[in-house]
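Dear colleague,

Please find the structure below, followed by a summary of what was found in it. I would be grateful if you could read the two side by side.

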Amino acid sequence: MSQVIKIHPMEDFKERSRGVLNDPGQRKNFRGAMDFLMAKRRAQFPDPEELQGLRDLGSAIRRYSLAHLPRLLEQLEAKLTANGVRVHWAQTPDEANAIALGIAQRVKAKRIIKGKSMVSEEVGFNHAMEAAGIEAFESDMGEYIVQLAGETPSHIIMPAIHKTKQEIAKLFADEIAGVAYTEDVDALIRIGRKVLRHKFADADIGLSGVNFCVAETGTLCLVENEGNGRMCTTVPRVHIAITGIEKVVEKLEHVPPLYSLLSRSATGQAVTTYFNLISGPRQPGEKDGPEEVHLILLDNGRTQAYADEELRETLKCIRCGACMNHCPVYARIGGHAYGTTYPGPIGAIISPHMLGLDATYPLAFASTLCGACVEVCPVKIPITDILVRLRNEAQARPDSMEATLRGSGAARTTAGTAVWSVWAQVYSRLGLYKLASWFMSRGRALSPTEQGAWTRSRTPLIPAPKRLRDLLKDRKP
């Protein structure tokens, strides 16, 4: 079975969005799923004061961790190495895949079983391994479904949330030998588990993501619900963990508040079914566990965000997906329309660092700036402020002081620059502004009835017959 990597040109973002908006079934699926997740989150935070206190604490821990990131990464590497874990550093997705492939070829691996890992999606891990003749098999049920369908995840927590049980039933009947069509959800889960059970035993390498890396103890924390993460990290003889460099925290005591925020914000659970703490390979006398444990720490543009204090806030993300669940745009167009590994509000602010602003700037404009994502973010990332910053960066003159990111100025056009230049001249001179507004109110009949995208769903913008200053003058006794 092979997973198809689909490339989504950003210029097609609007077209993909329209496709979902014109699909009532998809819109109903996403709306229902988001309403369900929002209700579950609300039920987990009945006390507003307790919630705000926990958010303040989570935000402070993440900000402190990022402020000391270089030191904590060095401490983490030293502790992990002392524990017997081999630490690797990757600047790019290609480097990360080359490291994993080198390990796989050294141990003569034919099959890799994977737990859930968005960073592995970010680097195109499955595609890279399969190009080298090594099977990479997803063991998370949602990831298994999208892999079977040749798709990519549409949500960072629930990868197959865009699919109905009928679509999954047909997929299983078509793709799994000997399986009859059934819409019984329990039966579908049993079918998936039966397939996956054999894969764990046959795999040479288990690959997982990491939710938190603890520097003081050299511990990798993995949050999951299905037990597949524990199987991936203990059954195969080699375990490879892959994560972004921003996931480190200093102390073990920093993990519980973040874990509480993560599980309650993501799936509305007080705790997840499994919480794995991995500190090294199997020790003499132990009956299970991998013989080798590797950690790949990936940059992929994160240092660009780290270098700017405002943009560094992006790296506080703990990947709960709450911003997506509450975003009115994501709830209508779903994750695939974004065309990036990380969709929704967090994807709009983190993808420019990974792919360049020139490739992703339309995402910064795909927001109402309503602030719903900011209100629910468990670590208080100022997402809307960063979106405005990215919009300005996209319009900046490429060689100016305002252009600080890779791809800045990508949205800047000659016509747009000319229009805003004229507007700035008029708006900054009172006499000129009065004259212009007088002509506009008197010439309102000349306003065009077709005004581009605005009039697709709205009435044309027409100046008022009288300016505000004229109305005030008329009211004077």
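**Second largest pocket**

The second largest pocket has a lining of 21 residues, and those nearest its centre are Lys14, Ser17, Arg18, Ala453 and Arg456. Helix 1 (13-21), helix 16 (330-333) and helix 18 (357-365) are the elements that give two or more residues to this lining. Helix 1 gives the most, with 5 residues. The space in the second largest pocket is about 910 Å³. Its lining residues divide into 11 nonpolar, 4 polar and 6 charged.

**Basis of the values**

This is a predicted model, in which local features need pLDDT of at least 70 and side-chain atom pairs count only at pLDDT 80 or more, while totals for chains, interfaces and linings use all residues. Residues are numbered from 1 along each chain as its sequence is written, and side-chain values use heavy atoms, with hydrogens and water left out.

Pockets and cavities were found on a 1 Å grid over the protein atoms alone: a cavity is a set of points where a 1.4 Å probe fits but cannot get out, a pocket is an open set with protein on both sides within 12 Å along at least five of seven lines, and lining residues have an atom within 4 Å of a point. A volume is the space filled by probe spheres set on the points, which are joined across faces, edges and corners. Ala, Val, Leu, Ile, Met, Phe, Trp, Tyr, Cys and Pro count as nonpolar, Asp, Glu, Lys and Arg as charged, and the others, Gly among them, as polar. Helices are DSSP runs (H or I, at least four residues), numbered from the N terminus.

**Cavities**

There are 4 cavities of 30 Å³ or more in the structure. The largest cavity has a volume of about 100 Å³. It is lined by 14 residues, of which Cys317, Cys320, Cys323, Cys377 and Pro378 are the closest to its centre. The lining of the largest cavity has 12 nonpolar, 1 polar and 1 charged residues.

**Individual residues**

Tyrosine 433 is located in helix 22. Tyrosine 433 is partly exposed because its relative accessible area is 31%, the class between buried (under 20%) and exposed (over 50%), with a 1.4 Å probe and protein chains only. Isoleucine 61 belongs to helix 3 (residues 48-67). Isoleucine 61 counts as buried, because its relative accessibility is 8%. From isoleucine 61 to tryptophan 423 the separation is 362 residues in sequence and 44 Å in space, C-alpha to C-alpha.

Yours sincerely
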